[in-house]
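Let's take a friendly walk through a protein model. Have the sequence and the 3D view ready, and follow along as each part comes up.

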Amino acid sequence: MMRKVPVIGPTFEEMLNPEKIDPKIRKRAIEMKKKDPLHPINLFNITWKDENNEIYYFEVPKEITGVDANIIVLYAKEFPSGSHKVGATYSVLAEKTVYGEVDPLKHTLIWPSTGNYGIGGAWVSSRMNYRSIVLLPELMSKERFEIIRKYGAEVIATPGCESNVKEIYDKSKELYNKDPEHVRILNQFEEFGNYRFHYYVTGNTMIELVKNKKIGNSRISAVVLGVGSAGTIASGDRVKQEFSEAKVVAVEPLQCPTISLNGYGGHDIQGIGDKHVTWIHNVMNNDAVVLVDDMESKKMLQVLSDPVGIEFLKEFAPKDMVDFISDKFGISGVANLIGAIKVAKYYNFTSDDNIFIVATDSIERYYSVMKDLEEKFGKLDRAEAKARTERILLYKEPSWIFEGDKYSRERWHNLKYYTWVEQQGKTVGELNAQKNQSYWIKQQEKVYEVNEKILEYRKKHYDELMKIYFED
């Protein structure tokens with residue numbers, strides 16, 4: 001039965017600091033995380049922290065990376081839906097809900113995606129009581145389609161692979177044009193709720209971690225993150241405000257070097273490399289781009305998660321850590337790891353230096369991809385695990401790194417024109433405004449306004465929301 005009031009969850013501040021959530025609600029959310037992961041109260045579990053307010057992170061053993069720098073991983077496996085993309089989708093939909101831009105009694109939501117954003121959108125919209133349709137390229141992993149349907153959303157497959165985003169845009173427009181009164185497109189590539197979640201929640205989580213845990217010099221030397229929607233890399237904008245020396249480095253697939261080489265192509269690092277520069281990507285604040293091979297990312301994920309590879313890594317790395325990380329990475333997370341190793345070598349980082357990466361999802365999304373690898377290359381054995389680890393991680397050359405000087409950043413920025421002005425209806429004036437960091441600061445400052453709007457909404461609908469939070 002459709003409820004009259006859309007369900008709303010935490011503010012940005014509460015996602016960053018879940019200890020600030022009403023204790024009764026927080027206790028209920030923690031209980032329901034395992035008991036009923038589809039209950040709406042799990043909106044309050046959208047955070048980088050566990051029930052003890054400890055951050056979900058680990059340091060990759062240096063025996064595996066081959067570099068002195070500390071490579072720190074925020075892992076998203078524990079988020080509702082198994083990916084931090086649920087934070088972006090919640091933030092986008094929460095903003096539109098409290099500003100009255102969408103209504104579950106009137107609108108169907110369209111989530112254009114290459115995977116985790118669509119999964120997050122399916123999970124969030126169903127919890128918040130909206131009907132939704134996820135658009136997903138047909139060549140994405142089978143697990144993605146299955147999860148979306150399980151969460152209660154419809155899914156439509158569009159032609160192509162990860163980099164075929166235009167086809168997703170075209171399908172979005174087709175659905176909207178059929179019923180413009182009742183269809184609303186929540187496009188992760190342009191929605192600033194996505195940017196704000198990572199700027200405020202992910203970025204401040206990174207800062208808190210290095211300061212409280214006293215890792216390295218308690219500062220951050222680089223964030224190295226794959227760009228799909230370019231939401232996650234917004235964390236770098238916050239990090240650079242705290243640590244001015246920090247490098248913000250975008251990871252792209254070697255097979256689709258859009259930002260770095262104005263290039264194109266298909267690839268299989270699912271979740272990044274979408275063959276265009278997104279509207280919410282603050283490229284004028286990026287310091288470099290590093291290219292990573294998609295097959296190396298998949299092959300190394302197999303080593304990190306396959307029993308044979310795990311046993312090999314235990315020969316020289318701490319056994320408990322090898323076990324711990326074996327289910328924490330997906331393909332893009334491994335791509336980020338490879339990129340971080342290349343960046344550490346390129347900048348001659350030492351044991352004082354901290355590099356942050358994110359594991360957006362986990363191996364649970366890629367068992368079918370691992371099966372395809374095995375069918376193509378045969379079962380993994382120790383010799384192959386050793387060869388891959390040495391070639392892909394330990395002896396990786398710091399190649400395919402493009403630093404951002406004044407003119408490089410302008411080239412990266414100018415690439416937005418072809419998607420956003422010529423195809424998506426933005427104006428040249430809007431595009432030019434993004435060259436100035438004051439544009440991005442205004443987007444960042446809106447966090448506080450949204451926080452207040454969410455609190456006002458929860459207060460206004462307190463009785464009905466509490467009933468929903470605590471219903472069985």
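## How strands pair

Two strands count as paired if DSSP finds at least two bridges between them. Strand 7 (residues 222-226) and strand 10 meet that rule, pairing in the parallel sense over 2 bridges. Please keep in mind that this is a predicted model.

Strand 10 also has a partner in strand 2 (residues 70-75): the two run parallel and are joined by 6 bridges.

## A strand wrapped up inside

How many residues of strand 10 are buried? The count is 6 of the 6 residues, 354-359, so strand 10 is largely enclosed by the rest of the structure.

In a regular strand, side chains alternate between the two faces of the sheet. Here, N354, F356 and V358 point one way from strand 10, while I355, I357 and A359 point the other way, and all are buried.

Next, look at helix 17 (residues 406-414), where S408, R409, W412 and H413 are buried. Seen down the axis of helix 17, these buried residues fall within an arc of 135 degrees, so they line one face of the helix. An α-helix has 3.6 residues a turn, so residues three or four places apart point the same way. On the other side of helix 17, K406 and Y407 are exposed.

What do the buried residues of helix 17 pack against? Their partners are helix 10 (258-261), strand 9 (288-292), strand 11 (401-403), helix 18 (416-421) and helix 19 (428-433). At the N-terminal end, D405 caps helix 17, with a side-chain oxygen 3.2 Å from the backbone nitrogen of Y407.

## A largely enclosed helix

Helix 9 (residues 235-242) has 6 buried residues out of 8, so it is largely enclosed by the rest of the structure. The buried residues are S235, G236, D237, R238, V239 and K240. They pack against helix 8 (192-213), strand 7, strand 8 (247-253) and helix 20 (437-460).

Now find V67, in the loop between helix 3 (62-65) and strand 2. Is V67 buried or exposed? Buried means under 20% relative accessible area. V67 has 8% relative accessibility, so it counts as buried.

Leaving aside neighbours within four places in sequence, V67 is in contact with K62, I341, A344 and K345. V67 and Y395 are 328 residues apart in sequence, yet their C-alpha atoms are 9.6 Å apart in space.

## Pockets and cavities

The largest pocket holds about 650 Å³ of space. Its lining has 26 residues, and K33, K77, E78, F79 and P80 lie nearest the centre. Helix 2 (23-35) and helix 6 (142-150) each supply at least two residues of this lining. Helix 2 gives the most, with 4 residues.

There are also 4 cavities of 30 Å³ or more in the structure. The largest cavity holds about 210 Å³ of space. Of the 25 residues that line the largest cavity, K85, G228, G271, I272 and T360 are the closest to its centre. Helix 5 (116-127), strand 7 and helix 14 (331-346) are the elements that give two or more residues to this lining.

Definitions and conventions:
Residues numbered from 1 in each chain as written. Predicted model: local features only at pLDDT ≥ 70, side-chain atom pairs only at ≥ 80, totals over all residues. Heavy atoms only, no water. Buried < 20%, exposed > 50% of the residue type's maximum accessible area, 1.4 Å probe, protein only. Arc of directions from axis to C-beta. Contact = heavy atoms within 4.5 Å. Polar contact = N/O pair within 3.5 Å; in protein donor to acceptor, adjacent residues only side chain to side chain. 1 Å grid on protein atoms, 1.4 Å probe; cavity = no way out; pocket = protein on both sides within 12 Å on 5 of 7 lines; lining within 4 Å. Points joined across faces, edges and corners; volume = space filled by probe spheres on them.
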